[in-house]
Amino acid sequence: QVQLVESGGGLVQPGGSLQLSCVVTGLTVSLHRVGWYRQSPGKQRDMVAIVYGNQDPTYADSVKGRFTLSRDDAKNMVALHMTNLTPEDTAVYYCAAPGFNTFGQGTQVTVSS
């Protein structure tokens, strides 16, 4: 059974930074697509960043240059480092294993002054 557990959300001021972490069990992160999605109120859940194998991560246009996805194969974890945050980044962020159609429980990120 694939399980993903996120941590690290919270409240941050515009221009600030935040890091999310995700512990993955039930699959080997180096062998499958894993990454992050987000959902704002009234909107659909969208891909933020995804990585697969030895390929470079893929990012949504809205976060390119600001967000960085990293993967720790030894710990079977993925992380999302977010910088220069704006109120438009406010959302529930989900760790994801798209090939298994599985998401974590989500962690709230709120960007507000």
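Predicted model: local features only at pLDDT ≥ 70, side-chain atom pairs only at ≥ 80, totals over all residues.
Here's a quick rundown of the side-chain pairings, core and a few individual residues in this structure.

Residues are numbered from 1 along each chain as its sequence is written, and side-chain values use heavy atoms, with hydrogens and water left out. There is one disulfide, one aromatic pair and a set of four salt bridges.

**Disulfide**

- Cys22 and Cys95 are joined by a disulfide with an S to S distance of 2.0 Å; the term covers a pair of cysteine sulfur atoms within 2.5 Å.
- The torsion about the S-S bond of Cys22 and Cys95 is about -85°, which makes this disulfide left-handed.
- Cys22 belongs to strand 3 and Cys95 to strand 9, so the link spans distant parts of the chain, 73 residues apart. Strands here are DSSP runs (E, at least two residues), numbered from the N terminus.
- Both Cys22 and Cys95 are buried, where buried means under 20% relative accessible area, exposed means over 50%, and partly exposed is in between (1.4 Å probe, protein chains only).

**Nonpolar core**

- The largest nonpolar core has 29 residues, and those with the most contacts inside it are Trp36, Val48, Phe67, Leu80, Met82 and Tyr93.
- Such a core is a set of buried Ala, Val, Leu, Ile, Met, Phe, Trp, Tyr and Cys residues joined through side-chain atoms within 4.5 Å.
- At least two residues of this core come from each of strand 3 (18-25), strand 4, strand 5 (46-51), strand 7 (67-72), strand 8, strand 9 and strand 11 (107-111).
- Setting aside neighbours within four places in sequence, Val48 is in contact (heavy atoms within 4.5 Å) with residues including Trp36, Phe67, Leu80 and Tyr93.
- The Val48 contacts also include Tyr37, Arg38, Thr58, Tyr59, Ala60 and Val63.

**Aromatic pair and a charge over rings**

- Tyr37 and Phe103 make an edge-to-face aromatic pair, 5.3 Å centre to centre with 90° between the planes.
- For the pairing rule, rings of Phe, Tyr and Trp (its six-membered ring) need centres within 6.5 Å; planes under 30 degrees apart count as stacked, over 60 as edge-to-face and the rest as tilted.
- Tyr37 sits in strand 4 (residues 34-39) and Phe103 in strand 10 (residues 102-103), so the pair ties together parts 66 residues apart in sequence.
- Tyr37 is buried at a relative accessible area of 17%, whereas Phe103 is partly exposed at 28%.
- Phe103 also has Arg45 over its face, at 4.3 Å from the ring centre.
- The charged end of Arg45 sits over the ring of Tyr94 too, 3.9 Å from its centre. The criterion is NZ of Lys or CZ of Arg within 6 Å of the ring centre and within 35 degrees of the ring normal.

**Salt bridges**

- Arg38 and Asp89 form a salt bridge, their closest N and O atoms being 3.0 Å apart; the cut-off is a side-chain nitrogen of Lys or Arg within 4 Å of a carboxyl oxygen of Asp or Glu.
- This pair links distant parts of the chain, with Arg38 in strand 4 and Asp89, 51 residues apart from it, in the loop between strand 8 (77-82) and strand 9 (91-97).
- Arg38 counts as buried at 13% relative accessibility, and Asp89 counts as buried at 1%.
- Asp61 bridges to Lys64, with the closest N and O atoms 3.1 Å apart, and Asp61 is exposed at a relative accessible area of 64%.
- Asp73 and Arg71 meet in a salt bridge at 2.6 Å, N to O. Asp73 is partly exposed at 40% relative accessibility, and Arg71 is partly exposed at 24%.

**Two more residues to look at**

- Gly53 is in the loop between strand 5 and strand 6 (58-59), and counts as buried at 17% relative accessibility.
- Not counting residues up to four places away in sequence, Gly53 touches Ser30 and Arg71.
- Asp46 is in strand 5 and counts as partly exposed at 36% relative accessibility.
- Leaving aside neighbours within four places in sequence, Asp46 is in contact with Tyr37 and Arg38.
- The C-alpha atoms of Asp46 and Tyr94 are separated by 9.7 Å, the two being 48 residues apart along the chain.

Notes:
Helix = DSSP H or I, 4+ residues; strand = E, 2+ residues; numbered from the N terminus.
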